Amino acid sequence: MALHYASKTALTPTRALQPVRYCAVDSPSLSRYDRESRGAPAVPRQNVNWDFDFIVIGSGFGGSVSAHRLVEKGYQVAVMEMGRRWPPDNLPRTSWSIHRWFWRPGLALRGFFNMRFFRHVTILHGCAVGGGSITYACTLLRPPDKVWDNGYWAGLADWKAEMAQHYDTASRMLGVTENKILGPGDLLLKRAAEAAGVGNTFYRTSVGIFQSPEGQPGGQTFPDPFFGGEGPERTTCIGCGGCMMGCRHGAKNTLDQNYLYLAEKHGAAVFPETRVVDVRPLNSQPDGSDGYEVSTVKSTAWLNRHPRRFTCRAVVFSASSLGTTELLFRLKSKDSLPRVSDRLGKHIRTNSESLIGVRVPGCSEDLSKGVAIGSGVYVDKHTHIEAVRYPSGSDAMSVWTTILTGGRPGPERIALWLKNLLFSFLRHPIRTVRLLQPFGWARECIILLCMQALDAHIDMCWERPWFWPFRKFLVSRGEKVPTYIPQANEFAEKVARLAGGTAVSMIPEILFNIPGTAHCLGGCVIADSAENGVVDSRHRVFGYKNMYVCDGSVVAANLGVNPSLTITALTERAMRFIPPASEATWDEQPKGKRCQIA
Ligand SMILES: Cc1cc2nc3c(=O)[nH]c(=O)nc-3n(C[C@H](O)[C@H](O)[C@H](O)COP(=O)(O)OP(=O)(O)OC[C@H]3O[C@@H](n4cnc5c(N)ncnc54)[C@H](O)[C@@H]3O)c2cc1C
Ligand code: SF4
């Protein structure tokens, strides 16, 4: 059985393995950075001995891949992560444990999921050791080839040819397999697709989950099935639909079970609950050629923020599209990294998403069963819809849903929504109350995640908002991305008719015409020069030496599919260009032209 799943590991260490050195922020250590954190001066300083070769900021897809590959190449690596560690048995059972699900440490919410509200978009993202992988729905899809022909990265490499091998490596490391558990929600999606004449486009998603062969029960534990015994033991999926609440069963291939696990095992130091607040070149070298000083605070502390300073020769920003963009804006504006391109924050993409759904009050089947995203269909060549679910009991998201309302955004749409609500209450009062009350929502609801591969983007800027002129914040600018996708609404109505339920939409989409997305991309896009983007095609930051961005912020086109596999594959490619530690010259700087691996 274990052999059935075994895949070859790409692990080929270039130096002797090292024991794990630091496990938590409070690990006792006599290293120099600890002494400095107790008050000794930091910069400027000559002939510094660096604490680490590389500091990676963020432990999501970009960060974990970077850490693993850099350790493999023989570098001393630290990973700074502002989120907490989440061993499976500590994860919340349902989304009603708001304080252990939601991340807003200022309000004592110390979970792993965050929502950020902007004028143009609501962004959902993860925050944990393992980044977005702890809360993500583990759908790992390859985008169509045409994405490499759009955006500023077009023509900077032979992307289609080069990326194929990196997608293969990423898929192997993340344990991608075709979903073997179709829940009632997936079968409903299939029937609706057939009724809409697009049944042939129905597919099972590719997921990063350890599953038993179809028809066999889950819940069986095996020694590491993925990395030839190097990885942790794993348990097969039971199809509880809980992936987005974090997998309590050890079946989801989160980064702390693969890339990050291996990085730590081979010597990377991971610092949880550690937020990076500053990155400055050492010895006042404007291009960072002497390395960098990275300042951190404890992200979950209210009073004693435990400020610390670390030095390194190179930095990898992997704090996600939103996180890296925000951090670099902060550092640019306070003159820590003034050379970062003025294109920072441009071309933020939302995958042109819309979240709608269907609720079937009193449904005889449990629609929460299956994996979080078990299947998908294409209702036309641009519009891709996936069947999504939360586990039974996780009903907190219901507060964002209401009766489906289409039409032109603005007051007209709000009026139509109020009219629909009123009619629904008058005609079916009991049914309407059952539709809108939260309890049982996850059991009775199938969420439809609609993504369009059409190019639409907004910009993020660092400004003082009119309502709070005392400090600068990240604010969104540009044309609003449409929240109303008529094809998606039509399809939801079809699913509702088939299931005997009612179609629902997200309240912010109706009231404020603000789409929600879990797939925020861009902000530090790959381009040929600082005039067009923030990093070159090897992810090196224009204006600096030995500085990289490896996360969703470098993606320069709308992918039209869930992005984590692409972020992983892009980072695999970026890491290939970095020489082994024994050959490092520490003179890596961006080139404004085509860069291809030899
Ligand atoms: C509910 C949900 C479901 C999703 N489902 C899917 C899916 O099925 N398939 C898919 O492909 N994608 C999915 N996504 C999206 C996916 O999670 C992201 O695209 C992906 O995690 C982005 O990877 P990244 O490397 O850019 O950054 P992330 O994985 O977001 O990691 C960035 C990390 O950096 C940390 N960080 C940020 N700022 C700092 C700082 N200053 N100091 C220290 N640390 C910092 C953050 O805490 C975070 O842990 C989902 C997202 C959500 C929210
Ligand atoms: S469906 Fe349940 S068991 Fe399977 S990966 Fe998701 S959370 Fe884990």
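In the predicted model, strands β6 and β25 run parallel and are joined by two bridges. Within this pairing, Ile-123 has Thr-517 of β25 as its bridge partner. Both strands belong to an open sheet of three strands, arranged in the order β5-β6-β25 with mixed pairing. The edges of the sheet are formed by β5 (113-117) and β25 (516-517); each has a single partner strand, so one side of each is left without a neighbour in the sheet.

In total, 38 residues surround ligand 1, and the closest are Glu-81, Gly-132, Thr-139, Gly-552 and Ser-564. By residue class, the shell consists of 18 nonpolar, 17 polar and three charged residues.

A nitrogen atom of the ligand is 2.9 Å from a polar backbone atom of Ala-137, and a nitrogen atom is 3.2 Å from a polar backbone atom of Met-82. An oxygen atom of ligand 1 is placed 3.3 Å from a polar backbone atom of Pro-563. Taken alone, ligand 1 exposes 990 Å², of which the protein buries 95%.

Methods:
Residues are numbered from 1 along each chain as its sequence is written. Chains are lettered from A and ligands numbered from 1 in the order in which they are written. This is a predicted model: local features need pLDDT of at least 70, side-chain atom pairs count only at pLDDT 80 or more; totals for chains, interfaces and linings use all residues. Side-chain values use heavy atoms; hydrogens and water are left out. A residue is near a molecule or strand if one of its heavy atoms lies within 4 Å of it. A polar contact is a pair of N or O atoms within 3.5 Å; within protein, one must be able to donate a hydrogen and the other to accept it, and residues adjacent in sequence count only if both atoms are side-chain atoms. Accessible areas come from the Shrake-Rupley method with a 1.4 Å probe; for residues, only the protein chains shown count as cover. Ala, Val, Leu, Ile, Met, Phe, Trp, Tyr, Cys and Pro count as nonpolar, Asp, Glu, Lys and Arg as charged, and the others, Gly among them, as polar. Two strands pair if DSSP finds at least two bridges between them. Helices (H or I, at least four residues) and strands (E, at least two) are DSSP runs, numbered from the N terminus.
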